[in-house]
Amino acid sequence: EDVKRRVRLIVGADESESDNSAVAELIKYLNAEVVPHAISEEHTIYQVASDKLGLTDLIAEMTSEHRRLVGEIAALESSSNPKDAALFSKHVAKENDLILPKLLGSQDVDLRLVLSEMHELFEAAKESSALSGSEKSDPAASLLVLLLDSTKELARSGQRDLASRLTASAWAVLEHERPDLANRATAALHRLIDLRNSEPVTLSANRNANVDKELDVRTLAPAQRHAEIFAAYRALSPGRGFLLINDHDPKPLQYQFEAEYRGQFTWDYLEGGPKVWRVRIGRPS
C-alpha cells in the first residue's frame, strides 16, 4: 500500500514536478525497504515453500518477479515515469493468496520460526543496504564484508563450524565498539547455521544443577534476545545458572559465548525441539 501511494503521487503530479522529490523518495524507499524484504523472503519463506511444499514453479516465478522489480527500480532512477508500478501490488497479492496460507496450513512448517528468521535477515539486508554506500570510507565495515563473504564460502565447502567460529569472533571484537556491525555478524551467523535444518542436539544428563531463574525469550524481538541473555549470564554468581527457553536452537548464541567467554560458561541442552529448546547456561564454580 505504501508503494502504491507513493507511485500515485508521482503519476498524478505535473510533468515538471514528477522528477523531483517524490521520485527520489520512492527510489530511496524501494532500496531501503522493498529490496531487503525481497532478499529476506527468498532465503526464508520462498525456500521453505519450495523445499517443504513443492511449490518450485511458483517460487521460480516469484523470484523472477523480484528481478523485474529490481529492474523497475533501476529504470526509475533514470526516468521519472514508473513503467510497471502495478507489479509491486500484484506480487504482494500472490504471496498473500498463494504462499502464506499454504505455509500456515502445513504441519511440516514452523511458520513462526520462518518469519522470525526472515525478520533477522530483513534487518541484516537493511543494514547492508545502508552500509554499502559508505563502506569505502569505513575500513571496519569493508573488512567485515570480506570476512562474511569468506565464511560463507567456508560453510559451502563443508567447514560450517570453522565459518561459525570466525563469524562469532568477529562479533565479539565489534560488540562494544561497533554494535551496528556486530548485529550484522549475528545475522550472518544465523544464516550460516541454517536454523531450519539444525542438527539434533545431545541432551545433557546434568538436569539438577542450580538454576536461578527461567528466561523465556520467545516473546522478545530477535534483536533483543541476545542482549537479555548475556545480561542474565553476567548477573550469575559462580556455580549458578539460568534456564534459557527459546523457539529455535540457540546454537549461534553458543558460538558467541565461546568467542567471548571461553572456559567461563557451561551449556547444557535439556530439551532439543522441534518447537521448544531449553538450555541451562551457567557460570562454573
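**Notebook: aromatic rings and their neighbours**

I looked up tryptophan 171 and found that this residue is buried, with a relative accessible area of 6%. I note that the model is a predicted one.

I then checked phenylalanine 230, which counts as buried at 2% relative accessibility.

Next I turned to aromatic pairs, and I found nine in the structure. In one of them, the ring centres of tryptophan 171 and phenylalanine 230 are 5.4 Å apart and the planes are at 25°, so I wrote this pair down as stacked. Tryptophan 171 belongs to helix α8 (residues 160-174) and phenylalanine 230 to helix α10 (residues 222-234), so the pair ties together parts that are 59 residues apart in sequence.

I looked at another pair, phenylalanine 257 with tyrosine 261, and noted it as tilted, with 6.0 Å from centre to centre and 45° between the planes. These two residues are four apart in helix α11, so about one helical turn separates them. Both phenylalanine 257 and tyrosine 261 are buried.

I asked myself which residues form one aromatic cluster. I listed Trp171, Phe230, Tyr233, Phe257, Tyr261, Phe265, Trp267 and Tyr269.

I also looked up glutamine 254, in helix α11 (residues 251-261). Glutamine 254 counts as buried because its relative accessibility is 12%, and the cut-off is under 20%. Leaving aside residues up to four places away in sequence, I found that glutamine 254 touches Phe265, Trp267 and Tyr269.

Last, I checked charges over rings. Arginine 283 lies over the face of tyrosine 233, 4.5 Å from the ring centre. The charged end of lysine 251 sits over the ring of tyrosine 255, at 5.2 Å from its centre.

Methods
Residues numbered from 1 in each chain as written. Predicted model: local features only at pLDDT ≥ 70, side-chain atom pairs only at ≥ 80, totals over all residues. Heavy atoms only, no water. Buried < 20%, exposed > 50% of the residue type's maximum accessible area, 1.4 Å probe, protein only. Contact = heavy atoms within 4.5 Å. Phe/Tyr/Trp six-rings, centres within 6.5 Å; stacked < 30°, edge-to-face > 60°. Lys NZ or Arg CZ within 6 Å of the ring centre and 35° of its normal.
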